[in-house]
Amino acid sequence: MLIEEELLLSYGAAVEDLKNSEIIFNEGDTPRLFYQIRRGRIKLSHFNEDGKELILAVLHNGFSVCELLLFIDKKYPVNAVAIEPTSIITLSKEKFMKLLDENPNISRDINSFLSQRLYYKYIMLQNNSSLHPEIRIKGALEYHKSFSNNMSKFAFEVPFTRKELGAITGLRTETVVRCIKKLEKENYLKIIERKIYV
């Protein structure tokens with residue numbers, strides 16, 4: 001958990017339960033709240049000019065959602081949508097800034113968290129520019145595994161469908177299915193009951 005729930009609640013945070021497919025914010029909205037996921041998953045996505053959805057990130061328990069935009073005067077460049085029943089903690093921007101001012105150790109934690117996410121975003125961007133689908137898929141899997149506490153081989157259960165992996169990497173679902181089978185033969189990943197483990 002990025003910020004302890006009790007601390008957020010002591011600054012006036014609220015808990016909100018979301019249904020699957022419920023929108024948290026839309027691209028173009030003005031950031032007014034700090035969001036942290038208690039349980040569940042949220043996707044950050046964008047639709048290109050052809051109407052194709054590109055998933056830029058999938059966030060889960062303990063992650064904050066687009067908190068960096070609370071520090072700059074910009075609109076959301078993505079949509080945030082719950083992809084399963086999800087519970088989030090919300091705190092107004094003003095109270096969030098007060099929390100940071102009064103708890104400098106939390107500011108350091110957030111800086112570290114943001115730096116780590118930016119580093120892996122760079123890695124993912126490099127991989128997604130590859131013409132080789134296996135490199136794109138490996139990059140996406142390694143990026144998401146990087147937030148796991150257990151880095152052992154085959155210890156991370158990939159929380160995405162093949163279709164979602166396609167949206168993350170810009171590949172067709174059929175290409176993802178074919179590459180996943182190939183990567184399993186190469187012992188890069190395991191498939192157990194249709195779930196992918198890296």
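In the predicted model, a search of the whole structure returns one cavity of 30 Å³ or more. The largest cavity has a volume of about 40 Å³, and the residues that line it are Ala57, Val58, Leu59, His60, Phe63, Tyr143, His144 and Phe147. Strand E5 and helix H4 each contribute at least two residues to this lining, with the largest share, three residues, coming from E5. By class, six residues of the cavity lining are nonpolar and two are polar, while none is charged.

Two or more residues of the pocket lining are supplied by each of E5, H3 and H5, and the largest share, seven residues, is provided by H3. The lining of the largest pocket comprises 18 nonpolar residues, one polar residue and two charged residues.

Helix H5, spanning residues 162-169, is largely enclosed by the rest of the structure, because seven of its eight residues are buried. These buried residues are Arg162, Glu164, Leu165, Gly166, Ala167, Ile168 and Thr169. Their covering includes strand E5 (53-59), helices H3 (104-128), H4 (133-145) and H6 (173-185), and strands E8 (190-192) and E9 (195-197). Gly170, which follows H5, has a positive phi, near 75°.

Notes. Residues numbered from 1 in each chain as written. Predicted model: local features only at pLDDT ≥ 70, side-chain atom pairs only at ≥ 80, totals over all residues. Heavy atoms only, no water. Buried < 20%, exposed > 50% of the residue type's maximum accessible area, 1.4 Å probe, protein only. Helix = DSSP H or I, 4+ residues; strand = E, 2+ residues; numbered from the N terminus. Contact = heavy atoms within 4.5 Å. Nonpolar A, V, L, I, M, F, W, Y, C, P; charged D, E, K, R; others polar. 1 Å grid on protein atoms, 1.4 Å probe; cavity = no way out; pocket = protein on both sides within 12 Å on 5 of 7 lines; lining within 4 Å. Points joined across faces, edges and corners; volume = space filled by probe spheres on them.
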